[in-house]
Amino acid sequence: MSVQARTWRASSRVAVLALAVLIAGAVSLSLGASGLGPGDLWRALTGTADPATETILLRLRLPRAVLAALVGGALGLSGCTLQALLRNPLAEPYVLGVSGGAAVGAVCVFVSGLAVTLPWTLSLGAFLGAVAAMALVLAIASRASPGGMDTRVLILSGVIAGAFFNAIILLVLSLADLQSFRSAIFWMMGNLSAADWEAAAVLAVFLVPASVVVLSLARAFNLLSRGEEVAYYLGASVQRVKLTAYLAASLMVAASVAAVGVIGFVGLIVPHAVRLAWGNDHRLLLPASFLAGSAFLLLADTVARVVVAPAELPTGVVTAVAGVPFFVVLLMRGGRR
């Protein structure tokens, strides 16, 4: 197949996924407990809807849909990045302990009572906890493998840090009052009920530069898939690529967790599904994982809002229900090889 044909095919697939994101966004805006439909959405967008309808659609559902798309894209792209970095198709964004650190920061804010008096401290605490976890894992991995960042050591460091953070969470929660305990547990399930334009803007500030950096590493990831030694002899700066990819992926995860809490499995199932459908070329796999992650989380959040309306489920519960069977299938397929 010629280069032009491959480029056209990749572009068409990205365009299909972009259309899927728009359709998922329209579904998210159209469905909800208030009973507003596509016609109301059209009137709100054209400025002919009544004030109540416009408020619901454009000030409540629209920022939530935008935030869901950004978080889903961040988790899908970071998952694809970590799978390329660790050369493990079962890797996902929370394997390196970043979510555990974020949860520690958020739980401490809940227990201290600051989440009630100063709501913005919740996102700040979660982000600082995630950054601290990222620094800890990187420091452990660097000390344990001074000759270069060994990906196996990086995984073990993340697992150890994650176990440590989980112990701290249990310790802090055991000292919390009932209200703080319930709020912390609900946040740790992951939800977008508090979405607003400010949260979406803050996430975008971190997501855009990190995404640009990761997308620029597509060729290096293709080389790394052949092995580090081969990648080195073909011109890739292996250690720089690994460090850059780890920092960019962790930053995306940290910002996402700070915005909406812990939402798992998106970074696992989305890149894997795209890879099974379209192959291992990261020049397509990376942007496709971002768009597919956006569409997936938009639909998952819509399900979370409507399945038990007027109440709603935590979005992380919906993604886990979808992700666990997929994960089991991956393990069974791996065992038959």
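Author: Helices are DSSP runs of H or I with at least four residues, strands are DSSP runs of E with at least two, and both are numbered from the N terminus. The model is predicted: local features need pLDDT of at least 70, side-chain atom pairs count only at pLDDT 80 or more, and totals for chains, interfaces and linings use all residues. Residues are numbered from 1 along each chain as its sequence is written, and side-chain values use heavy atoms, with hydrogens and water left out.

Reader: How many helices does the chain have?

Author: The secondary structure of the chain includes zero strands. Its helices number 15.

Reader: What is the radius of gyration of the chain?

Author: The radius is taken over C-alpha atoms, and the globule rule is 2.2 Å times the number of residues to the power 0.38. For 337 residues, a compact globule would come out near 20 Å. The chain agrees with that, at 20 Å.

Reader: What share of the residues in the chain is buried?

Author: Buried means under 20% relative accessible area, exposed over 50%, and partly exposed in between (1.4 Å probe, protein chains only). The count runs over 337 residues. The buried share is 48%.

Reader: What part of the contacts with a separation of 6 or more joins residues 24 or more positions apart?

Author: A contact means heavy atoms within 4.5 Å. Among contacts in the chain with a separation of 6 or more, residues 24 or more positions apart account for 76%.

Reader: Where is Thr81, and is this residue buried or exposed?

Author: Thr81 sits in helix α3, residues 51–86. Leaving aside neighbours within four places in sequence, Thr81 is in contact with Val214, Phe221, Ala245, Ala249 and Leu286. Its relative accessibility is 0%, so Thr81 counts as buried.

Reader: How far is Leu96 from Val230, C-alpha to C-alpha?

Author: Leu96 is in the loop between α3 and α4 (98–112) and is buried, at 1% relative accessible area. Its contacts beyond four places in sequence include Leu82, Val137 and Tyr246. Leu96 and Val230 are 134 residues apart along the chain. Their C-alpha atoms are separated by 26 Å.

Reader: How far apart are Ala236 and Phe221 in space?

Author: Ala236 lies in the loop between α11 (228–233) and α12. Ala236 is buried, with 10% relative accessible area, and beyond four places in sequence is in contact with Leu223 and Ala231. Ala236 and Phe221 are 15 residues apart in sequence. In space, C-alpha to C-alpha, the gap is 9.1 Å.

Reader: Which residue follows α12?

Author: Helix α12 covers residues 238–260, which is 23 residues. The expected span of a helix is 1.5 Å times one less than its number of residues. From first C-alpha to last, α12 reaches 33 Å, close to the 33 Å expected. After α12 comes a residue with positive phi, near 90°: Gly261.

Reader: What is the phi of Phe265?

Author: Phe265 lies in the loop between α12 and α13 (266–278). At 24% relative accessibility, Phe265 counts as partly exposed. Phe265 is not a glycine, yet its phi is positive, about 75°.

Reader: How many residues of α14 are buried?

Author: Helix α14 runs over residues 282–306, and its end C-alpha atoms are 35 Å apart, which agrees with the 36 Å its 25 residues should span. The helix is largely enclosed by the rest of the structure, because the buried residues, out of 25, number 18.
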